[in-house]
Amino acid sequence: VILSPRTHRRKAREVAMQAIFQLDQNPSTTAGDLAMFVTESLKYPELEQFCKSLIHGMREHQNAIDQAIAAAAINWKIERMAAVDRAILRLSVFEMVFAPEPTPPRVVITEAVEI
């Protein structure tokens, strides 16, 4: 089975979301553990690089990302959101707002829904 580049990038986003979830649930997760998880989960070095850039970028901008989510979530505290939803939102906001080459919102929304 040959996968399209879009399918590959979705897989990298899924792995990034899982890593972000893990960090949320266990903040003491080491960078080495995350790197090993990414490497074992993805087959191609370019996807590993993309995935790691998503994880690193989200961590680097997490405070601002969480502030943006909290500002948009009227009558809903970020701490009360389901952990999976929070991980998807953090990944999505990073890609749209903070990534060096932001992903178009329609792509980010489609990917978030699919994930």
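This is a predicted model: local features need pLDDT of at least 70, side-chain atom pairs count only at pLDDT 80 or more; totals for chains, interfaces and linings use all residues.
Helix α5 spans residues 83–98, and helix α6 spans residues 105–114. The two pack at an angle of about 165 degrees. Their axes lie 10 Å apart. Angles over 145 degrees count as roughly antiparallel, and α5 and α6 are therefore roughly antiparallel to each other. The crossing of α5 past α6 is right-handed.

Seen residue by residue, the contact draws on both helices. From α5 come I88, S92, E95 and M96. From α6 come P105, V108 and A112. By class, the residues of this contact comprise 5 nonpolar, 1 polar and 1 charged. Ser92 is the polar residue, and Glu95 is the charged one.

Rolling a probe the size of a water molecule over the atoms shows where empty space is left. With a threshold of 30 Å³ or more, the count is 1 cavity. The volume of the largest cavity is about 40 Å³. Its lining consists of R13, L91, S92, E95, V108, E111, A112 and I115. Two elements, α5 and α6, each give two or more residues to this lining. The lining divides into 4 nonpolar, 1 polar and 3 charged residues.

The helix contact and the cavity lining share residues. S92 and E95 of α5 belong to the contact and also line the largest cavity. V108 and A112 of α6 likewise take part in the contact and in the lining.

Definitions and conventions:
Residues are numbered from 1 along each chain as its sequence is written. Side-chain values use heavy atoms; hydrogens and water are left out. Axes are lines fitted to C-alpha atoms, for helices over the stretch in contact, and angles run from 0 to 180 degrees between N-to-C directions. Helices (H or I, at least four residues) and strands (E, at least two) are DSSP runs, numbered from the N terminus. Angles under 35 degrees count as roughly parallel, over 145 as roughly antiparallel, 65 to 115 as roughly perpendicular and the rest as oblique. A crossing is left-handed if the near helix is turned anticlockwise from the far one by less than a right angle, and right-handed if clockwise. Contact means heavy atoms within 4.5 Å. On a 1 Å grid over the protein atoms alone, a cavity is a set of points where a 1.4 Å probe fits but cannot get out, and a pocket is an open set with protein on both sides within 12 Å along at least five of seven lines; lining residues have an atom within 4 Å of a point. Grid points are joined across faces, edges and corners, and a volume is the space filled by probe spheres set on the points.
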